[in-house]
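I opened my notebook today to look around one structure, a piece at a time. Please follow along with the sequence and the 3D view beside you.

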Amino acid sequence: MKNTKKIISFIVVMTMILALCSVSAFAAEGETFKIGGIGPLTGGAAIYGNAAMNGAQIAVDEINALGGVQFEFNAQDDTGVAETSVNAYNSLKDWGVQAIIGTVTTAPCISVSAEAYSDRIFMLTPSASSTDVIADKDNMYQVCFTDPNQGIASADYMAENYPDAQIAIIYKNDDAYSQGIRDTFASEAESKGLTVVYEGTFTEDTQTDFSVQVAAAQAAGADMVFLPIYYTPASVILTQANAIGYEPTFFGVDGMDGILSVEGFDASLAEGVMLLTPFSADAEDERTQNFVAAYNDLYGETPNQFAADGYDAMYILYAALQEAGCTPDMSAQDICEALVGVMPTISVDGLTGQGMTWSATGEVSKAPMAVVIKDGVYVLPEAAE
Amino acid sequence: MVFFTYLISGISLGSVYAIIALGYTMVYGIAKMLNFAHGDVIMVGGYICYIALNSLGLPAILAVLVAMIVCTVLGVVIEGLAYKPLRQAGSLAVLITAIGVSYFLQNAAQLIWGATPKNFTSVVHFSLPAGLMSIGLSSEALITVLACIVIMIALTTFVNRSKLGKAMRACSEDKGAAQLMGINVNRTISMTFAIGSALAAIAGVLLCSSYPVLQPTTGSMPGIKAFTAAVFGGIGSIPGAFIGGLLLGIIESLAKAYISTTLANSIVFAVLIIILLVKPTGLLGKYAPEKV
């Protein structure tokens with residue numbers, strides 16, 4: 001009781017000081033939510049970070065245009081590095097952030113979410129898919145499906161459509177994302193009776209030359225190469241396989257998304273590549289069409305899955321804030337507790353899934369879908385035949 | 001059968017290392033300094049060629065020439081601005097300067113071309129008959145190996161037969177005496193940098209043609225590996241760089257194939273340590289006693 005009084009009086013005093021300092025700034029603060037974004041806007045994973053933040057910005061513009069609750073969005077660059085990401089998080093905190101969309105990549109997200117957990121700031125990542133991101137943190141939620149989910153879904157899809165495939169896996173074993181998907185894929189593949197004929201690994205330092213792994217996969221007789229990796233090394237694998245005339249079916253996960261926008265990459269090499277993604281830019285529904293058109297107008301390219309994840313993340317936050325009855329004058333900590341309460345109860349229709357729901361651990365429930373690259377765009381596998 | 005495939009990819013990788021190592025070893029042999037910015041000149045060569053090919057639409061041969069010219073100029077400018085003033089300074093000062101130049105080039109490249117990796121378009125446009133491709137030989141690998149052999153022979157002939165080559169050898173043996181004999185030491189060193197940087201451009205183009213990710217740090221790891229190759233073969237020796245590069249590429253490739261892809265780099269460096277323990281001057285290095 002005594003403490004509550006102290007806190008209230010402290011808040012009152014702070015409010016008065018703020019009011020004295022700048023009346024107009026205080027008014028603005030009371031009307032808009034300050035939403036932070038963290039992701040790699042430069043560096044090797046920049047395609048993901050920019051896409052997610054651009055998508056989120058489009059959602060913010062739409063939400064602000066509705067009138068009612070206003071959002072102010074501040075996207076910080078973390079170059080995909082954990083240390084830089086914590087710095088970005090700290091500068092968002094200085095800015096007075098109330099909830100965070102981010103971070104976009106896995107390793108930084110594990111570091112930042114630990115900070116946000118102890119500071120009690122709500123985080124919703126568009127695309128960091130490891131279970132380590134949400135483990136033991138009640139205020140950390142995901143828009144994308146988790147790595148185990150992707151590994152299992154990939155194996156299930158292959159078991160259903162290519163039961164006789166001779167599978168090779170090339171993965172990055174110093175990366176939590178890649179290793180995580182490979183582990184669950186391997187165990188699911190085993191239980192489904194799929195044949196894995198070769199497994200090759202690489203690390204951050206060796207991700208420019210895959211001639212040995214590609215040759216070994218070919219020698220092992222693999223006709224399906226599973227690549228639970230990001231698109232930059234994947235583009236090298238495709239190029240080097242082509243150079244020695246090796247033409248298996250390549251199967252990727254969400255990290256493969258973006259391969260068509262690598263500058264200088266011969267997109268014809270990606271013909272026939274399959275990947276799991278929850279979003280396809282040529283989906284027919286009106287909402288996707290509008291989003292694709294808006295994204296094209298603003299950024300001059302077709303949005304990938306990460307853009308859709310960012311867009312959805314902002315709308316999920318919007319829905320959760322409304323459900324929880326949060327107002328912009330609440331502290332980040334109060335907003336965090338309120339959102340943690342409502343997240344497991346809401347259901348959101350987004351670009352990356354209808355009726356997305358969340359478990360209290362922060363994991364999303366939605367269905368992944370397989371697409372195949374044909375003539376430089378994603379189409380459903382049925383349409384490609 | 002698949003062993004040959006690994007061997008070929010090793011030889012192809014080794015040829016790239018060898019071309020880069022030639023640049024290191026020449027500069028070391030004559031200027032007695034480790035030019036750690038060499039790897040980044042390679043990266044610049046890659047970018048220049050990429051732009052010439054994709055933005056200016058030049059044919060492959062011209063693009064390589066443009067890259068060579070730009071890198072040659074860059075090499076001479078670096079030498080003149082950063083290394084020449086330190087000619088009389090201790091070798092540590094020059095080494096640190098070289099590392100500084102390396103960082104400068106990387107960050108300048110990031111500013112100019114951005115950090116997003118680009119996919120390099122191969123400069124090799126023909127494809128081999130299916131029979132050769134089935135043993136894992138790509139046209140890029142073939143060109144790389146051929147280029148390496150041609151460069152190696154040309155360079156050896158140049159150093160042994162031409163007047164400038166003789167001047168280089170003289171500088172390498174004794175700068176003071178060479179100067180007394182009327183050799184312009186500074187010009188010879190600049191010339192060495194020019195040749196080394198032109199080689200770096202070729203190496204950059206070949207490296208990126210086979211391993212097509214082009215980003216500001218593209219040159220650092222191959223640069224370090226090639227430096228290792230130069231030490232491995234005996235730094236200062238041109239055939240040593242060639243043999244060192246080839247061996248290193250083959251060891252790396254076979255280690256990846258038969259031992260562990262993760263440990264491949266560690267194995268490469270472990271072999272270097274063992275060689276240096278047994279033969280401190282490298283495979284073909286000359287033992288040069290210091291006269292006190």
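Below are my entries, from whole domains down to one residue.

**Ground rules**

I am working with a predicted model, where local features need pLDDT of at least 70 and side-chain atom pairs count only at pLDDT 80 or more, while totals for chains, interfaces and linings use all residues. Residues are numbered from 1 along each chain as its sequence is written, and chains are lettered from A and ligands numbered from 1 in the order in which they are written.

**Entry 1: the domains of chain A**

I looked up how chain A is divided, and found domain 1 (2–144 + 287–367) and domain 2 (148–277); such bounds come from an automatic or database domain assignment. Taken over C-alpha atoms, the centres of these two domains of chain A are 32 Å apart. Their contact takes 15 residues from domain 1 of chain A and 12 residues from domain 2 of chain A. Here two residues are in contact if their C-beta atoms, placed from the backbone, lie within 7 Å.

**Entry 2: where the chains meet**

How many residues does each chain give to the contact? I noted 31 residues from chain A and 32 residues from chain B. On the side of chain A that touches chain B, the elements giving two or more residues are helix 3, strand 7 (195–202), helix 9 (211–219) and helix 10 of chain A. Helix 9 of chain A gives the most, with six residues.

**Entry 3: sheets in chain A**

I traced an open sheet of seven strands in chain A, in the order 7-6-8-9-10-14-15, with mixed pairing. Two strands pair if DSSP finds at least two bridges between them. Strand 7 and strand 15 (377–379) of chain A are the edge strands, each pairing on one side only. Inside this sheet, four bridges join strand 10 (residues 274–277) of chain A to strand 14 (residues 369–374) of chain A, and the two run antiparallel. A:L276 stands opposite A:A370 in strand 14 of chain A.

I also found an open sheet of three strands in chain A, ordered 11-12-13 with antiparallel pairing. Its edge strands are strand 11 (348–350) and strand 13 (364–365) of chain A. A:V348 stands opposite A:M356 in strand 12 of chain A.

**Entry 4: a helix in chain B**

Helix 6 (residues 139–161) of chain B has 23 residues and reaches 32 Å from its first C-alpha to its last, close to the 33 Å expected; the expected span is 1.5 Å times one less than the number of residues. Its buried residues include B:I143, B:C148 and B:L155. Among the elements covering the buried residues of helix 6 of chain B is helix 10 (231–243) of chain A.

**Entry 5: one loop residue**

B:T121 sits in the loop between strand 1 (118–119) and helix 5 (130–134) of chain B. Is B:T121 buried or exposed? B:T121 is buried, because 20 other C-beta atoms lie within 10 Å. The rule is that a residue is buried at 20 or more such atoms, exposed at 12 or fewer, and partly exposed in between, with C-beta atoms placed from the backbone. Not counting residues up to four places away in sequence, B:T121 touches A:G264, B:L53 and B:N54. The C-alpha atoms of B:T121 and B:N54 are separated by 8.1 Å, although the two are 67 residues apart along the chain.
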